Each structure stands twice: as C-alpha cells, then as structure tokens.
Amino acid sequence: MTLETQVHQKNLVKWAADKPEVVVFSADLTSSTEVRLFAETYPDRFYSFGMTEQNMMSAAGGMAREGFTPWVHTFAVFLYRRALDQVQMSVAYPNLRVRIVGFLPGITTPGGATHQAIEDVAIMRAVPNMTVLETGDAADVESVLDVAQAVDGPVYIRMLRGQIPRLFTTPMRLGRARRLRRGSDVTLFTAGITTEEAMRATQVLEQRGVSIEHLHVTTHKPFTDPAVLEAASRPKYGVITFENHTTVGGLGSEVAEVMAEHGVGKRLVRLGIPDTYAHGGSRPYLMRHYGLDALALVRAVEKLVGEDLNIGEDDLAAVRVEPVHGDFKAEAL
C-alpha cells in the first residue's frame, strides 16, 4: 500500500479541464481543502467567500439555477452545522446540482469538537433529495467527482485530504459497496478510514480461522445496494458495522434499518464514536481511545464469536495492506 499526497487537489484540476460548468467555492480554507491549484489554474471559475458559509451555500444555489455546478469546499462542520438552513432551503428543497465537499470527517482532525464532523452522515442523510457519499482512499477521492457529477440533485461528500492510502484499484460506484472478502462467520461493513484498519484486522482474523465477509460502503444515501441485505443475512455469528462517525444515525443505523425492514434476525454490533463529542488528539490516539482501530475490531469479533483468538498489536502491525479489486474486478479489466 502506498500513501499519496493531495490527491483531490491534483485530480480536480485535471478532471474539471473540459467542464466549464464546474465552479469551485471556498470559505477561507482554500489551501486546507486542496483547491489552491484550481484557483490558480481557473481563476475565473473560483470564488472565495471568506468565513460566510451561509452566504456561500445560498450563492451556490443561485449559480446552480443558472446552469453551473458549484463544488463547495470547506470543513464539514461549517457546512452541515453552520449553514444547514441554507443547505436545506437554498439547495436541497429546490433539488439543485450543488456538490458539498466536507473535509475533516469524524476524528481525522485533532481540532476537537468544534472541527470534528462526527454526526454529519446522520444529519445530511435526513435531508430530502440529498445524496451522501464517503471516501476511504485515493481511488475513492479521484472517482467521487464523476459519481457526484452524475447525480441530478445535491450531493454531500465526506472527503479526505493530505496523505491518504490507495486501497483499491477500481473506482467508486454510486449505490454499490465493494466486497473485499467473502466469508460465512461474520459480516463486516466499513466506511471511510475504518476500512484500512479493518483490512489489517481481517487478514489476521482469517489466519485464526474466522471467516469474514467484508464490504466497504461509499454510498450512505441512497442505501439500497442489494449486496448489503444479502451479506447481512448470511453470517453464522452476526454483523459488525465499523465507522468514523457516532453510532447514532450513520452506517450502523443504515444497516440496522435494512436488517429490520427485511426481518434479518442476526445480532448487530455497531462500532463507532459513542454518543459523545470527541476531544482533541492525534489520529492514532483518537482511533485507539474511541475504538476505531484494528485491535478494537478484533476484540469485537472475539466477543461475537465467543473465542479468544490471541491477537495482539504485534500481529496487526506486521500486516501489509495491498490494494484490492473487490468484486469490481471485471470493470477494471
């Protein structure tokens, strides 16, 4: 696995070259949301609004009415918290083609409660007409542009920045989870940064004899992939969801709704940030503290199957995560 830097910044400029309808908005965080290069390359298509997120969202709605496709960039908390009324009334209610790109999802920032978007999926998927997407690696960050642009309505994107891994060799697809492993003991659903941790854990778990079905979710809404119901219906011991978000209203709730609506009588374990505001700290510290790392997943699997598998930090640290095709292999050929 390789780490790549500023994937969105470089890809956005190339992707938008033949799309004059695409305009980019920033709210005083141009470099921090990786749109500085876009501003320098296409100055006539870039708009800096300063710290006026509500005004920025209303302006995005206005420009969308005129045939443009605004890509609005800032930290996620300043979009779905500070400008939620404008998101609803200026963008979602009229069902306009605005792409809302939110950075620093969950505990990817040490900035504490003021900067950590820990409930954004829950809030944004409750907004009518809104499509909700989440990136988990460089391939997701690159391909989410095409996925979002094809949606005839507003889209919210949980975006990653800085150094990010390349876990997949195939692009994101709307409404389709990537199946990374097939198994029969436990079904595991992950999203965002938890997927890399899960890929590390599942390798060791398989070596200890636990068969894992693992799906990486990138579309939170619409949450209609038939593969989700199929995978949730099969495991011997139960289902685990693993997310960089509170356990209220995010991936765990999405899976629970599907299971309940279809009468799936399997145990569900939801791993994520508990019903609390997170505090500041390094990403590794926060992932350990809130149970979002590979070891936390291993312990949850052990509890679910009722067996101590004798897996420790050294076992997990030794695992090398390689990019995978998943079930999208055919499309990659």
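**Exercise 1. Determine what share of the contacts between residues at least 6 apart in sequence joins residues at least 24 apart, and relate the chain's radius of gyration to that of a compact globule.**

Solution. In this predicted model, 79% of the contacts in the chain between residues at least 6 apart in sequence join residues at least 24 apart. The next step is the overall extent: the C-alpha atoms fill a box of roughly 60 × 45 × 40 Å along the principal axes. For 333 residues a compact globule would have a radius of gyration near 20 Å, and the chain, with 19 Å, agrees with that expectation. As for burial, 60% of the 333 residues count as buried, and the secondary structure of the chain comprises 14 helices and 14 strands.

**Exercise 2. Classify the relative orientation of helices α3 and α5, and describe the residues of their contact.**

Solution. Two packed helices are described by the angle between their axes and the distance between the axes. Helix α3 spans residues 53-65 and helix α5 residues 84-92, and their axes come within 8 Å and cross at roughly 10°. Angles under 35 degrees count as roughly parallel, and α3 and α5 are therefore roughly parallel to each other. On the α3 side the contact is made by Q54, M57, S58 and G61, while α5 contributes Q86, V87, S90 and V91.

**Exercise 3. Carry out the analysis for α8 and α12, including the handedness of the crossing.**

Solution. The axes of α8 (residues 194-207) and α12 (residues 294-305) come within 8 Å and cross at roughly 45°. That angle makes α8 oblique to α12, and the crossing of the two helices is right-handed. In the contact, E197, A198, R200, A201 and L205 of α8 meet A294, L297, V298 and V301 of α12. The residues of this contact divide into seven nonpolar, no polar and two charged.

**Exercise 4. Locate R234, decide whether this residue is buried, partly exposed or exposed, and list the residues R234 touches beyond four places away in sequence.**

Solution. R234 lies in the loop between α9 (226-233) and β13 (238-246). Buried requires a relative accessible area under 20% and exposed one over 50%; R234, with 36%, is therefore partly exposed. Leaving out residues up to four places away in sequence, R234 touches R179, R182, S184, E213 and K266.

Technical notes
Residues numbered from 1 in each chain as written. Predicted model: local features only at pLDDT ≥ 70, side-chain atom pairs only at ≥ 80, totals over all residues. Heavy atoms only, no water. Axes fitted to C-alpha atoms, helices over the stretch in contact; angles between N-to-C directions. Parallel < 35°, antiparallel > 145°, perpendicular 65-115°, else oblique. Left-handed = near helix turned anticlockwise from the far one by under 90°. Contact = heavy atoms within 4.5 Å. Nonpolar A, V, L, I, M, F, W, Y, C, P; charged D, E, K, R; others polar. Rg over C-alpha atoms; globule rule 2.2 N^0.38 Å. Buried < 20%, exposed > 50% of the residue type's maximum accessible area, 1.4 Å probe, protein only.
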